[in-house]
Amino acid sequence: SILSNFNYQLTDDIQFRGRASASLSETNTRYAGTPVSTNAPTMAADNPMNPLGTDISEIRMRSVQIGERDTTTETNSIDFLAGLVGYWDVGSGIDWEINAQHTRSTTDSFNYNLINDNIVQDLINTGNYDVFNTTGMSYEDWDAQMADLYGQAAHTGVYQAQFNSTQFDGLLSGMLYEGNGVTLAAVVGAEYEMIEFVQLSDPQSAAGIISGGSGGDDVDATRDRSSGYLELQSSLPYNVDLSAAVRYERYEQEGNIASGFASSTFDSVVPKFSASWRPVDSLLLRASWGESFRAPNMGEMFSGEALSFERTLDTVWCSANPGADENYCSPSNQYKTFYGGNPDLQAEEGESLTLGFVWNVTDDWSIETSYYDISYDSKIEVVDVADLIREEEANGGSQYIVRGSDGKIETIHSQYRNLSALETSGFDFVTSYNQETDFGDFRLKLEMTHVLDYKTKADAESDFFDEAGLQDKPEWRGSASVNWTRDNWSAAWTTYYIGGQDSGAVEYNNKYLVDVSSYFKHNVQLTYAHDWNGSITLGVNNAFDEEAPTWYNYADYRDVNTGLYDVLGRTWFVTINQKF
């Protein structure tokens with residue numbers, strides 16, 4: 001990657017500024033040989049290689065003979081910005097700027113050793129491939145035959161994406177009034193952006209006949225965004241500060257979908273207000289209230305269906321048929337799941353309130369506390385397959401779950417949806433203390449967050465469901481650190497804490513969920529700043545090699561929530577920093 005910033009003084013009051021950057025990245029990943037499962041092969045009863053003599057409805061196989069699935073992904077991006085920044089000597093003075101920016105990003109991904117399901121099926125139908133080795137071949141001969149079968153069906157998945165953005169913006173700011181202990185400043189601005197976004201899979205992957213990849217999540221869409229904003233900032237007597245802001249956003253976006261063409265327009269006026277008061281020098285009281293607005297992005301609205309195999313427990317069938325099929329009712333059972341966009345999405349709307357204070361108890365000790373209350377309406381999320389099954393169970397059916405004649409799940413269709421509501425509230429607490437001693441300077445800091453509630457409901461008819469304290473939604477999180485400096489030396493010890501969580505087995509109707517214990521992780525580092533304008537740091541993350549809480553079948557192949565916990569274990573590092 002390379003980045004350059006530059007400026008040129010055109011006149012005493014006008015400056016040209018620019019920025020140019022470019023980056024190239026290549027990523028190589030490897031997964032196990034392809035499971036031929038997107039469209040599992042079948043074998044007719046009269047096939048000469050059928051060992052049972054009856055129709056086989058599904059053959060489970062994995063193409064290990066031709067190697068692992070290797071993917072190479074190249075991403076290129078460039079960004080250019082040019083603008084003018086100036087000053088008008090009018091009234092109290094006006095600062096202004098105008099900018100133009102263009103960004104382009106391309107992605108090319110090649111996924112090797114995937115399998116074309118149709119070719120595998122055609123080759124099995126010929127009766128020339130003894131996949132069960134009913135003829136008693138040697139392992140070497142059978143292995144060579146399977147390598148030939150998979151070699152003929154091998155497919156290289158291709159994914160390409162391009163993102164183009166051109167944006168223009170400008171603003172004016174200045175002091176509107178100043179006198180009698182009162183000041184009033186303002187900034188007003190406008191933005192306009194044009195975006196083109198295309199992502200395509202190869203036709204076979206998009207058609208759903210390729211195992212080992214996802215495919216199908218094609219997007220061809222454009223978006224025009226217009227916005228304007230105004231913000232006022234005022235200082236009043238008695239150390240009171242007030243601010244008010246309003247922003248107008250308008251999105252016009254259109255894209256191709258399976259049924260043809262779709263377009264939508266979203267717009268909203270969003271206000272925000274905040275106030276602070278310092279009754280004494282050591283205490284600051286503050287409050288803010290605002291509304292929020294987010295239009296669905298182009299992928300959420302216009303992407304086609306991509307294939308995945310999600311693990312969950314079919315509580316509907318398994319509760320009605322206890323003990324009938326232990327394999328099917330295993331929580332590790334996978335279901336063919338299609339994820340896609342939703343052109344009928346509405347914009348998210350939200351409201352937030354924060355109240356708090358900062359108190360400098362002494363010159364060395366400070367306390368900061370905040371209360372927050374945030375709510376969303378029509379929140380945009382992909383619905384988890386377990387939630388879809390719970391929704392089906394509650395409503396007596398689901399348009400998103402397709403079941404066979406035996407009542408078992410055949411396919412699940414999930415998509416981005418507007419959840420009816422999400423409400424959450426809690427407290428943030430921070431305190432720090434500094435102490436100078438003959439052995440060096442110490443700084444102690446404690447940060448804690450407590451979630452009071454995290455309530456969601458999937459639709460207008462549902463009741464709120466509070467997930468705070470249940471699995472993946474800890475009520476308590478925090479960190480404590482001790483920093484020490486003396487001369488050229490410094491050291492730090494930081495402890496991270498994630499509170500335990502209730503299993504939610506009753507709430508989620510899943511007997512396989514378990515309680516999660518509290519988690520502590522300790523990071524330690526020592527730094528020496530030498531006299532040649534540089535430093536050397538030796539450290540260890542997760543010093544006591546604490547294992548993250550695990551439980552059977554957390555998600556996919558993982559047994560731990562990687563979004564919450566460190567799964568690397570004890571990790572040593574050395575950092576050398578040298579300035580010239």
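Guide: Start at strand S13, residues 334-340. Five of its seven residues are buried, so the rest of the structure largely encloses this strand. Buried means under 20% relative accessible area; exposed means over 50%, and partly exposed lies in between (1.4 Å probe, protein chains only). Helices (H or I, at least four residues) and strands (E, at least two) are DSSP runs, numbered from the N terminus.

A word on the source: this is a predicted model, where local features need pLDDT of at least 70 and side-chain atom pairs count only at pLDDT 80 or more, while totals for chains, interfaces and linings use all residues. Residues are numbered from 1 along each chain as its sequence is written, and side-chain values use heavy atoms, with hydrogens and water left out.

Now look at the partners of S13. Strand S12, residues 306-311, pairs with S13 in the antiparallel sense, over six bridges. Two strands pair if DSSP finds at least two bridges between them. In this pairing, Leu307 stands opposite Phe338. Strand S17, residues 409-437, also pairs with S13, but in the parallel sense and over four bridges.

Next, step back along the chain to the disulfide. The structure holds one. Cys318 and Cys329 form this link, with their sulfur atoms 2.0 Å apart. A disulfide is a pair of cysteine sulfur atoms within 2.5 Å. Cys318 lies in helix H5, residues 315-320, and Cys329 in the loop between H5 and S13, so the pair ties together parts that are eleven residues apart in sequence. The torsion about the S-S bond is about -105 degrees, so this disulfide is left-handed. Are its two ends buried or exposed? Cys318 is buried, with a relative accessible area of 11%. Cys329 is buried too, at 8%.

S12 covers residues 306-311. H5 covers 315-320, and Cys329 sits in the loop that comes between H5 and S13. Then S13 itself runs over 334-340, with five of its seven residues buried. S12 lies antiparallel to S13, and S17 lies parallel to S13.
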